[in-house]
Amino acid sequence: MAPKEPLVISNKDEMRKWSRAMRCQGKVIGLVPTMGYLHEGHLTLVREAHKHANVIAVSIYVNPGQFSPNEDLSTYPSDFDGDIRKLMSVPGGVDVVFHPHNLYDYGNDKRNSNVAIESDKTVSCVDQGGFGHETWVRVENLQKGLCGNSRPIFFRGVATIVTKLFNIVEPDVAVFGKKDYQQWRIIQRMVRDLDFSIKIVGSEITREDDGLAMSSRNVRLSMKDRQNALSINKSLLKAKSAAADGQVHSEKLRNLVIQCITEAGGQIDYVEIVDQENLEKVEFINGPVVLCVAAWFGKVRLIDNMEINLKMDVRK
């Protein structure tokens, strides 16, 4: 059977029309939101979506609303033709690719659409022309901590663009990778709180053969930094093993991870052990937690995590 070539749609109204036509046919619509430059991790999300839906939509859109002024949106990698070929390689393929030009452009009002948020020094990089975009979605508590500390506008940008995609594509199911653990939980909470009739599926982390979590950023690692970055997964496995052996003091497990990564030349952004649901820090592990890491290798910031599910109540 020849690979299925997806329909490519760039217009919001056409995207809604397609989705509503599918729903009229009784189809269950699955959505996989991406920013393109796809890798095997994204394709795993598509395969997961096939388990939950009859027709699959993949969005490819680099969202300017989640980039701060010190993050260069223009350097984000892109290979749209390559993305289409990769999507066609997945068994069952995808039915539609939503590839809009600009989801923050509403007309010909030339007012600057930059919007100050956390303070007058923190400004969104959304400056796309059109009517000034000034409506943002925040998940107030879950967006704090972890990546929210060093990327203060990131999650309101993510929550806003996902809300927009949900309103345009109108899926029944949406699949997100659990590598971006905080993002996955934020979307879950947003869907619950705003009563979206959408099932949010978290897909397990896809790793390279050597254990490195797949990421579009990996291509920017030098050979040396890529090798050193293996310390992230190794440290997570060591910490999980130590927890299974009875070490449930979070600070000791954190120090184990920090030492492993820094000895490999990494610069720590954060290492935290948090509750899987509310993402609050825990002093001792006595329930389901997730060990989250963000670290720099060279000029590349990598994130990873590992769930730890211990059924115990131990104090050490």
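How many nonpolar, polar and charged residues does the lining of the largest pocket have? Before I answer, please keep in mind that this is a predicted model, in which local features need pLDDT of at least 70 and side-chain atom pairs count only at pLDDT 80 or more, while totals for chains, interfaces and linings use all residues. Residues are numbered from 1 along each chain as its sequence is written, and side-chain values use heavy atoms, with hydrogens and water left out.

A pocket here is an open set of points on a 1 Å grid over the protein atoms alone, where a 1.4 Å probe fits and protein lies on both sides within 12 Å along at least five of seven lines, and its lining residues have an atom within 4 Å of a point. Volume is the space filled by probe spheres set on the points, which are joined across faces, edges and corners.

The largest pocket holds about 420 Å³ of space, and of its 18 lining residues, Glu71, Arg151, Arg217, Arg220 and Trp296 are the closest to its centre. To answer the question, that lining has 5 nonpolar, 5 polar and 8 charged residues, where Ala, Val, Leu, Ile, Met, Phe, Trp, Tyr, Cys and Pro count as nonpolar, Asp, Glu, Lys and Arg as charged, and the others, Gly among them, as polar. Because domain 1 (7-203) and domain 2 (216-305) both contribute to the lining, the largest pocket lies between them; the bounds come from an automatic or database domain assignment.

The second largest pocket has a volume of about 290 Å³, and of the 20 residues lining it, Tyr61, Val62, Pro64, Pro100 and His101 are the closest to its centre. Its lining divides into 11 nonpolar, 7 polar and 2 charged residues.
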